[in-house]
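This report goes through selected features of one protein model.

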Amino acid sequence: MIFYFSGTGNTRWAAQQLAEATGERLLFIPRELKGECRYTLAKEERIGFCFPVHGWQPPHIVRQFVSRLKLSSPNPTLAHHYAYAVCTCGDSIGLAMNMLVKELSPLGINICSTLSLIMPESYVCLPFMYTDPPEKERAKIEKAGNELDAFLDIVTQRQVFHHLVKGAAPWLMSHVIGGYFNSQMITDKKFTVDEEKCLSCGKCKEVCPTENIDFKDKKPKWKNDSSCTCCLSCYHHCPVHAINYGKITRKRGQYYFKA
């Protein structure tokens, strides 16, 4: 059983590879949150978690899911199940994986293997953050592909393994800077649409992982209901760059994972 969240597709790609390698169920966290979040594991079933790092922390939607997660097993405890976690990021993850592991521990889930994959950058809403140039984008995907291939063997063989790129000052990045980012800067109120450019194609609504976009007068409208994760999927998938986040993204690039 693999639980995953993805906005621009980096994590979805990794989760799909794991599902194919293990033959196990792939469950999309935003969709699962509509239900009771109760699951029954098969006796030998693995437990996987895949998520992007948002501000050096797990996204709030992932943490919400974990807080509601209820697993039952034919085994004496959940610790008898091999569990692993994969996160994707543009650079470093700080203590994001440590935070997830800590929040899973009270459920009796013992994470045996972890991996962070450095993927093309997609967060472009701060002055110093840009999408990667094409050559760097290709190099990141190639390297991540090789690392994921090796990890697939580790997971299928149920081995213990940990490879995390935490970066400099990980506690500061996750608990101070990341804490501020995730509590104060995750909002859909800064999204705008250039109505003269907008094609009314509905792509932004289609790709929003939390169904946070409605159409009014054939233009996208964000719901302002706290469901937005600022994954920027709507921004990156717009075919004419009609969507922006404040003014800062008007001259920024776009990226989403293409198989």
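## Second largest pocket

Helix α7 gives the largest share of the lining of the second largest pocket, four residues. Helices (H or I, at least four residues) and strands (E, at least two) are DSSP runs, numbered from the N terminus. The model is predicted: local features need pLDDT of at least 70, side-chain atom pairs count only at pLDDT 80 or more, and totals for chains, interfaces and linings use all residues. Residues are numbered from 1 along each chain as its sequence is written, and side-chain values use heavy atoms, with hydrogens and water left out.

The second largest pocket holds about 450 Å³ of space. Its lining is made up of 23 residues, of which Phe28, Pro30, Cys208, Pro209 and Thr210 lie nearest the centre. Two or more lining residues come from each of α2 (29-32), α3 (60-68), α7 (203-207) and α8 (233-237). By class, the lining of the second largest pocket has eight nonpolar, eight polar and seven charged residues. Here Ala, Val, Leu, Ile, Met, Phe, Trp, Tyr, Cys and Pro count as nonpolar, Asp, Glu, Lys and Arg as charged, and the others, Gly among them, as polar.

A pocket is found on a 1 Å grid over the protein atoms alone, as an open set of points where a 1.4 Å probe fits, with protein on both sides within 12 Å along at least five of seven lines; lining residues have an atom within 4 Å of a point. Grid points are joined across faces, edges and corners, and a volume is the space filled by probe spheres set on the points.

## Largest pocket

In the largest pocket there is about 710 Å³ of space. Of the 34 residues that line the largest pocket, Val53, Cys89, Gly90, Glu121 and Tyr123 lie nearest its centre. The elements α1 (10-22), β6, α5 (134-156) and α6 (170-184) give two or more residues to this lining. The lining of the largest pocket divides into 16 nonpolar, 13 polar and five charged residues.

Strand β4 covers residues 47-52, and six of its six residues are buried, where buried means under 20% relative accessible area, exposed over 50% and partly exposed in between (1.4 Å probe, protein chains only). In a regular strand the side chains alternate between the two faces of the sheet. In β4, Ile47, Phe49 and Phe51 point one way, while Gly48, Cys50 and Pro52 point the other way.

Strand β1 (residues 2-4) runs parallel to β4 and is joined to β4 by three bridges; two strands pair if DSSP finds at least two bridges between them. Isoleucine 2 has glycine 48 as its bridge partner in β4. Strand β6 (residues 83-89) also runs parallel to β4, with six bridges between the two. Cysteine 87 in β6 stands opposite phenylalanine 51.

## Aromatic pairs

The whole structure has 13 aromatic pairs. Rings of Phe, Tyr and Trp (its six-membered ring) pair if their centres lie within 6.5 Å; planes under 30 degrees apart count as stacked, over 60 as edge-to-face and the rest as tilted. Phenylalanine 3 and phenylalanine 49 have ring centres 5.6 Å apart and planes at 35°, so the pair is tilted. Phenylalanine 3 is in strand β1 and phenylalanine 49 in strand β4, so the pair ties together parts 46 residues apart in sequence. Phenylalanine 3 and phenylalanine 49 are buried.

The pair of tyrosine 123 and phenylalanine 181 is edge-to-face because the ring centres are 5.3 Å apart and the planes are at 80°. Tyrosine 123 and phenylalanine 181 are both buried. One aromatic cluster is formed by Phe3, Tyr39, Phe49 and Phe65.

## Cysteines

A search of the whole structure finds zero disulfides, a disulfide being a pair of cysteine sulfur atoms within 2.5 Å. For cysteine 208, the nearest cysteine sulfur is that of cysteine 231, 6.3 Å away. Cysteine 208 counts as buried because its relative accessibility is 14%. For cysteine 234, the nearest cysteine sulfur is that of cysteine 208, 6.6 Å away. Cysteine 234 is buried as well, at 7% relative accessibility.

## Positive phi

Most residues other than glycine have a negative phi, and most peptide bonds are trans. Cysteine 37 has a positive phi, near 60°. Cysteine 37 sits in the loop between α2 and β3 (38-40) and is buried at 2% relative accessibility. The phi of cysteine 230 is also positive, near 55°. Cysteine 230 is in the loop between β11 (219-222) and α8, and its relative accessible area is 3%, so cysteine 230 counts as buried.
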